[in-house]
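The report below is meant to be read beside the sequence and the model.

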Amino acid sequence: METLAIHGGKPARSTPLPPNYPGAVVMGEEEAGALAAVIRAQSPFRYYGPNAPQAVQSLEDRIAGDIGVPYALAVSSGTAALIVALKALGIGYGDKVIVPANTFVATAGAVVCCNAVPVFADIDDSLGLDPGDLERVYDDEVKAIICVPILGNPCEMDPIMAFARSQGIPVIEDVAQSCGAKYKGHWCGTYGDIGTFSFQMNKIITAGEGGAVVTSAPGLFERAVRYHDQGLFRDKERYGFGSDDADSAFAGQNYRMSELIGAVLSEQWNKLGALNRMTKANWHSVHSRLITELPALRHRRIIDEDGHLGSNYGMILPTKEAAAAFNHALAAENIGTFLLYCGKPVYMAPQFFRQRSAERGSFPFDYPFAQPVRYTEAMCPRAVDLMSRTVYLPISPLLTETDIEEIAAGMIKVYRGLCIESLVE
Ligand SMILES: *Cc1c(COP(=O)(O)O)cnc(C)c1O
């Protein structure tokens, strides 16, 4: 057997994997040209300017047209998109919102920033929200569900929507990590009542920052636009609705997208389909090598074989010690893998676990709920377990045949060298 690099053997690769920032690594002349055009027009603001290039508006039209919804609103970040979506739905003080235990802090943070309180649902072996846990965490103070397709793997939308409809509450899909993923042929983000996207650099396509809110409901869209723009609705002609009466006014934020960002993102959006196809092909190449050589290696359950992105290869190791050892040994082979969120449920982040917002006292956690919200480490036991032993291999769209051979060889070597198979029951 070959000596592992952690034991002084020759690493499977001589250099680290290319960085997995799919959108950023294909930035080029197209983005540079679009950005320069906005600068030359001296018109970087979306709603007025001397020769407004309307880059943000055309980005919105592209997004809506491609994903198949009537309304898309570009905003300044994925977090802003979540806050705008929650505000559009009227979520606020005294409301609870179901959030999956496996997600980025922004999902739960946006709920708290809207003065509502997150309640955490457990996950299943897809590493996404377990629809079977909704009943347990639901009570009639819950006013919405947020589901999160994790690292390219869609959520199980049919049972989630069925539960939400049975209780008469809306669903927000936080698609920050999965732009372009599909569930049963439909874009993730278009299944629920509102979808939110992020264009931060660690996502699929990027302008450094950016986000979008999508919906089919004109009423929600109008509220989303207003909240993101100081209560204003400036595009009455474009949409044929939106009124100036005193009843529709409310205080808002500034989460607008700049034309500079919109121009870059329009070019990134053009590249999205090809990027996702390259990534998916690479995922299949890695997968086909590993399943033949390592039949005992367990993978996270893929919810939609055709629709998942393949942007990360998720492996469920037998124990958390095995996962840590696997990660460590692969790093020495120059194959960077990771545990998502340090392998811990989002509610273990101190701001949630200790129920702290930026407000005085314990607002909004102080609301006198009929069923008080308390967090314990063990409240989502499958998240505690599965997150601690799921190792992800990033799959870049730019992997070469050689990269893939080296990755597969290194993973097989490490899996066998650490005798992980002997731990599988
Ligand atoms: C990154 C991310 C966000 C936040 O997006 P930003 O653009 O960084 O604000 C929200 N939800 C999830 C699941 C994310 O991964």
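Predicted model: local features only at pLDDT ≥ 70, side-chain atom pairs only at ≥ 80, totals over all residues.

**Helix 4 and its partner**

Helix 4 spans residues 78-88, and 10 of its 11 residues are buried, so this helix is largely enclosed by the rest of the structure. The buried residues are Gly78, Ala80, Ala81, Leu82, Ile83, Val84, Ala85, Leu86, Lys87 and Ala88. At the start of the helix, the backbone nitrogen of Thr79 has a side-chain oxygen of Ser77 within 3.3 Å, while just after the helix Gly90 adopts a positive phi of about 80 degrees.

The partner considered here is helix 5, which covers residues 105-113, and the axes of the two helices come within 9 Å of each other and cross at roughly 45 degrees. Because of that angle, helix 4 is oblique to helix 5, and the crossing in which helix 4 passes helix 5 is right-handed. On the side of helix 4, the residues that meet the partner are Thr79, Leu82, Ile83 and Leu86, and on the side of helix 5 they are Ala106, Thr107, Ala110, Val111 and Cys113. Sorted by class, this contact has 7 nonpolar and 2 polar residues, with no charged ones.

**Helix 11 and helix 14**

A second pair is formed by helix 11, residues 320-332, and helix 14, residues 401-417, which pack at an angle of about 135 degrees with their axes 10 Å apart. That angle makes helix 11 oblique to helix 14, and helix 11 passes helix 14 in a right-handed crossing. Phe326, Ala329 and Leu330 are the residues of helix 11 that meet helix 14, where Gly410, Met411, Val414 and Tyr415 are the residues met. By class, the contact of helix 11 with helix 14 has 6 nonpolar residues and 1 polar residue, and no charged residues.

| Residue | Relative accessibility | Class |
|---|---|---|
| Gln167 | 29% | partly exposed |
| Pro70 | 48% | partly exposed |
| His287 | 18% | buried |

Pro70 lies in the loop that runs between helix 3 (55-67) and strand 1 (71-75). Which residues is Pro70 in contact with, once its neighbours within four places in sequence are left aside? They are Ala64, Thr215 and Ser216. For Ser216, which is 146 residues away from Pro70 along the chain, the C-alpha atoms of the two residues are separated by 5.5 Å.

Gln167 belongs to helix 7, which covers residues 157-167. The C-alpha atoms of Gln167 and Tyr392, which are 225 residues apart along the chain, are separated by 35 Å.

His287 is found in helix 10, which runs over residues 259-293, and at 18% relative accessibility His287 counts as buried, because buried means under 20%. Not counting residues up to four places away in sequence, His287 touches His299 and Tyr313.

Conventions: Residues numbered from 1 in each chain as written. Heavy atoms only, no water. Axes fitted to C-alpha atoms, helices over the stretch in contact; angles between N-to-C directions. Helix = DSSP H or I, 4+ residues; strand = E, 2+ residues; numbered from the N terminus. Parallel < 35°, antiparallel > 145°, perpendicular 65-115°, else oblique. Left-handed = near helix turned anticlockwise from the far one by under 90°. Contact = heavy atoms within 4.5 Å. Nonpolar A, V, L, I, M, F, W, Y, C, P; charged D, E, K, R; others polar. Buried < 20%, exposed > 50% of the residue type's maximum accessible area, 1.4 Å probe, protein only. Polar contact = N/O pair within 3.5 Å; in protein donor to acceptor, adjacent residues only side chain to side chain.
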